[in-house]
Amino acid sequence: MTEHSVIRVADGYDVVIGEGVLAQVGGALPTGTARVLVVHAPVMEPQAGDLAATFDAQGLQTQIVALPDAEGAKTAQVAADLWARLGQAGFTRSDVVVAVGGGATTDLGGFVAATWLRGVQVVQVPTSLLGMVDAAVGGKTGINTAEGKNLVGSFHPPHSVWCDLAVLRTLPPADLAAGLAEVVKCGFIRDPRILDLVEQHPREAVDPTSAVLRELVERAVQVKADVVAVDLKESSLREILNYGHTFGHAIEQREHYTWRHGDAVAVGMVYAAELARLVGLIGADLVERHRRVLASLGLPTTYPAGHFDELLTVMRRDKKTRGSMLRFVALESVGRVTRIEGPADDMLRAAYDAVSS
Ligand SMILES: NC(=O)c1ccc[n+]([C@@H]2O[C@H](COP(=O)([O-])OP(=O)(O)OC[C@H]3O[C@@H](n4cnc5c(N)ncnc54)[C@H](O)[C@@H]3O)[C@@H](O)[C@H]2O)c1
Ligand SMILES: O=C(O)C(=O)C[C@@H](O)[C@H](O)[C@H](O)COP(=O)(O)O
Ligand SMILES: [Zn+2]
């Protein structure tokens, strides 16, 4: 195993990053654990099975459950099925959920852990880039409802997070790119070095074996760790991690979750940048930088015309909305973030026209 790095989130938990760290998870459960529920994305069955075997070998009562893939896991029905299992197994507050998969798996696993007995520990083992740099870190957990994305959930920080870079070798390139959208987000809101790295090394950035990708992972996790340490429950600063998500979540819902989250966020960041340009916060050059960086990674930067009213209805349910006032995270410059509050509908429509294909 190559050297791993550890990023501490406040004084709470560690995010361990490196090739081969999966092998350490078996020995990393909290003291006193008697039962373990391992939930995993279908494609992660071999790794989850190996992990479950190491728990069994320690004498723990282990259950292993394959979840529906991707957003199919983030439903009330899937959560309810798992609550039934936990009840039947007599799962107590000293027992542990382990989630092995992409961001959808870690969101669902975290949500079940957050809600069972009002909170049991969750060990997050993200296996997609997006899961590693974002979803598994920071304690946001949740499921979707018919009305929108992540509308039900809880803030529930994990016990620990294990990012084994070796598993990224099997991640489809389009999913790797989707994860890079959240990395680029961290570049725009907080760490300009991320943008420099992507601009200078676009090929290495999409190579899961490269030192550049590893540095990007570490930098993005550090951004997230720094932000959630200050504002776990999103009363203010944490909103910056939602850059691009107001429009992005509306796309995801309108597309019935057939778009990757990171792809939708990529378009959403261009939308937020166009809106910031329209209200006079930034110039056209910074908007173009969004398009250039995202496109260099193979990410989308446009959305089909003709759906503004539908998207606006969904955007009004965004969690940052206060009363009837829509609120957008926006840039003043790279690394300097503000909010646009209550923009006029014609502004919102003009930004839509600017990202329409
Ligand atoms: N909680 C948070 O703070 C937070 C942050 C960002 C995103 N999210 C959520 O995360 C989800 C998106 O995460 P995602 O992009 O990982 O999507 P995902 O979980 O749907 O995973 C994408 C695909 O990659 C597969 N996969 C995962 N690891 C693999 C591997 N190593 N090899 C091959 N295939 C692999 C998955 O099975 C799935 O088919 C969304 O639901 C989003 O809302 C949550
Ligand atoms: O951690 C956060 O805070 C984020 O907003 C990170 C986002 O990338 C992530 O997609 C999150 O799940 C969105 O949260 P939501 O509150 O808008 O549902
Ligand atoms: Zn996101």
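At what angle do helix α11 and helix α14 pack, and how far apart are their axes? Select residues 261-278 for α11 and residues 345-355 for α14: the two helices pack at an angle of about 125°, with their axes 9 Å apart. Helices here are DSSP runs of H or I with at least four residues, strands are E runs of at least two, and both are numbered from the N terminus; axes are lines fitted to C-alpha atoms, for helices over the stretch in contact, with angles from 0 to 180 degrees between N-to-C directions.

This is a predicted model, in which local features need pLDDT of at least 70 and side-chain atom pairs count only at pLDDT 80 or more, while totals for chains, interfaces and linings use all residues. Residues are numbered from 1 along each chain as its sequence is written, and chains are lettered from A and ligands numbered from 1 in the order in which they are written.

Staying with this pair, α11 and α14 are therefore oblique to each other (under 35 degrees counts as roughly parallel, over 145 as roughly antiparallel, 65 to 115 as roughly perpendicular and the rest as oblique). Show Val267, Val270, Tyr271, Glu274, Leu275 and Leu278 of α11, which meet Met347, Ala350, Ala351, Ala354 and Val355 of α14 (contact means C-beta atoms, placed from the backbone, within 7 Å). These residues divide into 10 nonpolar, no polar and one charged, where Ala, Val, Leu, Ile, Met, Phe, Trp, Tyr, Cys and Pro count as nonpolar, Asp, Glu, Lys and Arg as charged, and the others, Gly among them, as polar.

Next, select α6 (residues 173-189) and α9 (residues 211-230), which pack at an angle of about 60° with their axes 9 Å apart. Their contact is made by Glu182, Val183 and Cys186 of α6 together with Leu216, Arg219, Ala220 and Val223 of α9, and comprises five nonpolar, no polar and two charged residues.

Now colour domain 1 (4-170) and domain 2 (173-355) separately; the bounds come from an automatic or database domain assignment. Their C-alpha centres lie 26 Å apart, and the contact takes 25 residues from domain 1 and 28 residues from domain 2. On the domain 1 side, α5 (129-135) is one of the elements that supply at least two residues, and its five residues are the largest share.

Conventions
Contact = placed C-beta atoms within 7 Å.
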